[in-house]
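Hi there,

Here is the structure I promised to pass on to you. My notes follow just below it, so please have a look and write back with any thoughts.

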There are 2 protein chains.
Amino acid sequence: MAAPQDDVDDIQKAWIRERPGTPVDSIGVITRIWRISKLLEDDRRRTMTRLGVDAAARHLLATLRRAGPPYALPPGEIARRCAVSPGAISQQLSRAEEQGLVRRHKAEGDGRSVVVELTPSGHDLIEHTVDELLSHEETLLSSLTPNQRTQLSDLLRVLLADLNARTPQS
Amino acid sequence: MAAPQDDVDDIQKAWIRERPGTPVDSIGVITRIWRISKLLEDDRRRTMTRLGVDAAARHLLATLRRAGPPYALPPGEIARRCAVSPGAISQQLSRAEEQGLVRRHKAEGDGRSVVVELTPSGHDLIEHTVDELLSHEETLLSSLTPNQRTQLSDLLRVLLADLNARTPQS
DNA sequence: TGGTGATAGTTTAGCTCTAAAGTAGAAAGT
DNA sequence: ACTTTCTACTTTAGAGCTAAACTATCACCA
C-alpha cells in the first residue's frame, strides 16, 4: 500500500540529475494533481459518452439541478459555479437549448439578464445519470481508506482555498 | 489554517438536500482535484504566455531536456510521457519545429520512426524558463507546510498509481 | 438628461485537443 | 515471395475552450 516510486518521482530525479539546483519541490504535488485530474476527466468523458450525454452538458444540468427549485440560474452564475468562462457557458447553453435540455428567457426587471431553467427533459436526464456517475467515481477512489480520503480532502481544501484567494480574479 | 467549509462542501450538501441518498463521497476529493488542476493550469498558461512560450511547447521542450543528452526522443515516447494523444504531439511538433525549437528527422534503421531533437534555441528557451516557472509554482503551494506537502504527495501517489492501473489502456 | 463607466451576455478568432482515418514501413505467417 | 497484420506517425474533422471584441442595458452623477 505504501506506493513505490513512480514516474513523477523520476521526473524530479531527472531534473536534479540534469540540472542540480532546479527547484523540484512542487512537482510531487502539482504534476500528480494534473495527471490524476486528466485520468478522472478522461474516465468521466467515457462514462458520460456511454450514458449518452457530453460531460460539459452534464455539469451544466447538475449545477441547475443542485440549485433546487425552480432549477433556474443566470448564465454568469453558472459560469462562476462551473469555473469556466462566460463565453464557454454561452456556447454550452446554445447546444443544450438545441437539445431541449434547458431554456433561456429574459429576466424580469433587468433587460441585460437572462435566466436559464431546466426543462423536464433536462431534469430527467440528470436525474437518471447522477447516481450512476457518482457511484462509479466512488469506486475510483477505492485505493484509499476512508480515513485517507478525509485526509486528502482536507489537504486539498486548504490548497484550493489558498489558490482561489491568490488567483488574479478569473 | 483549518480551512472552513468551501464551495465543494456546499455541493455535497446541496445534493444531499435535493436528493437524499445521492452518493456524494467522491466529490470532496474529485471535484477539488479538478478545481485545483484548473487553477494551476490557468496560472501556468498565464505564466508561460508572459514568458513568451505556450504551455504545450514548454512541456514538450522540458520532456526532451529532462531526457538528458542527446536530448532526443521519438514522438510516440513524447506522447506517452506527456500523456496526450499522438496526434496532439504531431501538431505540437509541427508548431515547435516552425519556431525552430526542435527538429524532426528520420530514425536510422526503421523507416517509420522519427526522432525529435532539441535545437540549441529550444535548449536555451527551456533552460531560461524552467527555474522561473518551478520557483513560481513552489510559492503556489506555500499554504501547506512541508510536512503537509509530503503527506499530500504520498496520498496522491497512491491514488495515481491505482488509477493508472485501472485505466482501460490509453 | 445626457455622458461615463460598469455589468450581463453573446459572438468571434484562434488555438489545442481527441478520435478516427490515412500513409507508409516492418514483421510474421503460409 | 506475398499477403496480412501491426506499428509509427501524420492528417483531418469536429468539438470545446479562452480571450477579446461586441451589444445592450443599467447606474451614477454632474
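First, a definition: on a 1 Å grid over the protein atoms alone, a cavity is a set of points where a 1.4 Å probe fits but cannot get out, and its lining residues have an atom within 4 Å of a point. Grid points are joined across faces, edges and corners, and a volume is the space filled by probe spheres set on the points.

Please keep in mind that this is a predicted model, where local features need pLDDT of at least 70 and side-chain atom pairs count only at pLDDT 80 or more, while totals for chains, interfaces and linings use all residues. Residues are numbered from 1 along each chain as its sequence is written, chains are lettered from A and ligands numbered from 1 in the order in which they are written, and side-chain values use heavy atoms, with hydrogens and water left out.

**Cavities**

There are two cavities of 30 Å³ or more. The largest has a volume of about 40 Å³, and its lining is made up of B:Asp54, B:Ala56, B:Ala57, B:Gln92, B:Arg95, B:Ala96 and B:Gln99. Helix 3 (55-66) and helix 5 (86-98) of chain B each give at least two residues to that lining, and helix 5 of chain B has the largest share, with three residues. (Helices are DSSP runs of H or I with at least four residues, strands are runs of E with at least two, and both are numbered from the N terminus.) By type, this lining divides into three nonpolar, two polar and two charged residues; here Ala, Val, Leu, Ile, Met, Phe, Trp, Tyr, Cys and Pro count as nonpolar, Asp, Glu, Lys and Arg as charged, and the others, Gly among them, as polar.

The second largest cavity holds about 40 Å³ of space. Around it are A:Asp54, A:Ala56, A:Ala57, A:Gln92, A:Arg95, A:Ala96 and A:Gln99. Two or more of these lining residues come from each of helix 3 (55-66) and helix 5 (86-98) of chain A, with helix 5 of chain A giving the largest share, three residues.

**The sheet in chain B**

Chain B has an open sheet of three strands in the order 1-3-2, with antiparallel pairing; strands pair if DSSP finds at least two bridges between them. Its edges are strand 1 (72-73) and strand 2 (102-106), each pairing on one side only. Strand 1 and strand 3 (residues 114-118) of chain B are joined in the antiparallel sense by two bridges, and B:Leu73 has B:Val116 of strand 3 as its bridge partner.

**The interface**

How many residues does each chain bring to the contact? Chain B brings 72 and chain A brings 73, with contact meaning heavy atoms within 4.5 Å. Together the chains bury about 7200 Å², 67% of it on carbon and sulfur atoms; buried area is the accessible area (1.4 Å probe) that two parts lose on being put together, summed over both. On the chain B side, B:Trp34, B:Arg66 and B:Arg157 lose the most area to chain A, together 10% of what that side buries.

**Backbone details**

Most residues other than glycine have a negative phi, and most peptide bonds are trans. The bond from A:Pro69 to A:Pro70 is cis, with omega near 5°, and A:Pro70 sits in the loop between helix 3 and strand 1 (72-73) of chain A. That loop also holds A:Tyr71, whose phi is positive, near 55°. In chain B, a cis peptide bond with omega about 0° joins B:Pro69 and B:Pro70.

Happy exploring!

Conventions: On a 1 Å grid over the protein atoms alone, a cavity is a set of points where a 1.4 Å probe fits but cannot get out, and a pocket is an open set with protein on both sides within 12 Å along at least five of seven lines; lining residues have an atom within 4 Å of a point.
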